[in-house]
Amino acid sequence: MQRVCFLLKVRAERAEEYRARHVEVWQEMRDALTAAGWRDYSLFLREDGLLVGYLETEDFDAARAAMEAADVNARWQAETAGFFEELDGRRPDEAMRPLTEVFHLA
């Protein structure tokens, strides 16, 4: 099982709205993530907009590819793209860059 942690930057002025949007993530999106192999997926948001994501999956590249193929993903990415800084023309899911794990206490 791969543990994946990534960072994104939510616009600080939109952080509260971003939190509110995630109170009820579309069931179709939740189902697609589960079907794509995203497990124990969590998002943490700091007041200044730093977003930390964590998930477990068998193969992150395959899990991302499965989401890329899901129709709901394109709609979700389009809905949420305006919340983020520093995307450089990429969708939020394309901007995720996993951090290197340096320690894990099992």
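Contact here means heavy atoms within 4.5 Å. The model is predicted: local features need pLDDT of at least 70 and side-chain atom pairs pLDDT 80 or more, whereas totals for chains, interfaces and linings use all residues. Residues are numbered from 1 along each chain as its sequence is written, and side-chain values use heavy atoms, with hydrogens and water left out.

View 1. Asp93 lies in helix α5, residues 92-95 (helices are DSSP runs of H or I with at least four residues, strands are runs of E with at least two, both numbered from the N terminus). The residue is buried, with a relative accessible area of 11% (buried is under 20%, with a 1.4 Å probe and protein chains only). Apart from neighbours within four places in sequence, Asp93 is in contact with Arg64, Glu68, Asn73 and Gln77.

**View 2. The Asp93 and Arg91 side chains.** A polar contact of 2.9 Å links the side chains of Asp93 and Arg91. A polar contact is a pair of N or O atoms within 3.5 Å; within protein, one must be able to donate a hydrogen and the other to accept it, and residues adjacent in sequence count only if both atoms are side-chain atoms.

**View 3. The fold around the site.** The protein chain has five helices and three strands, in the order β-α-α-β-β-α-α-α along the sequence. Of its 106 residues, 34% count as buried. Among contacts between residues at least 6 apart in sequence, 74% join residues at least 24 apart. The C-alpha atoms fill a box of roughly 35 × 35 × 25 Å, taken along the principal axes.

Methods:
Buried < 20%, exposed > 50% of the residue type's maximum accessible area, 1.4 Å probe, protein only.
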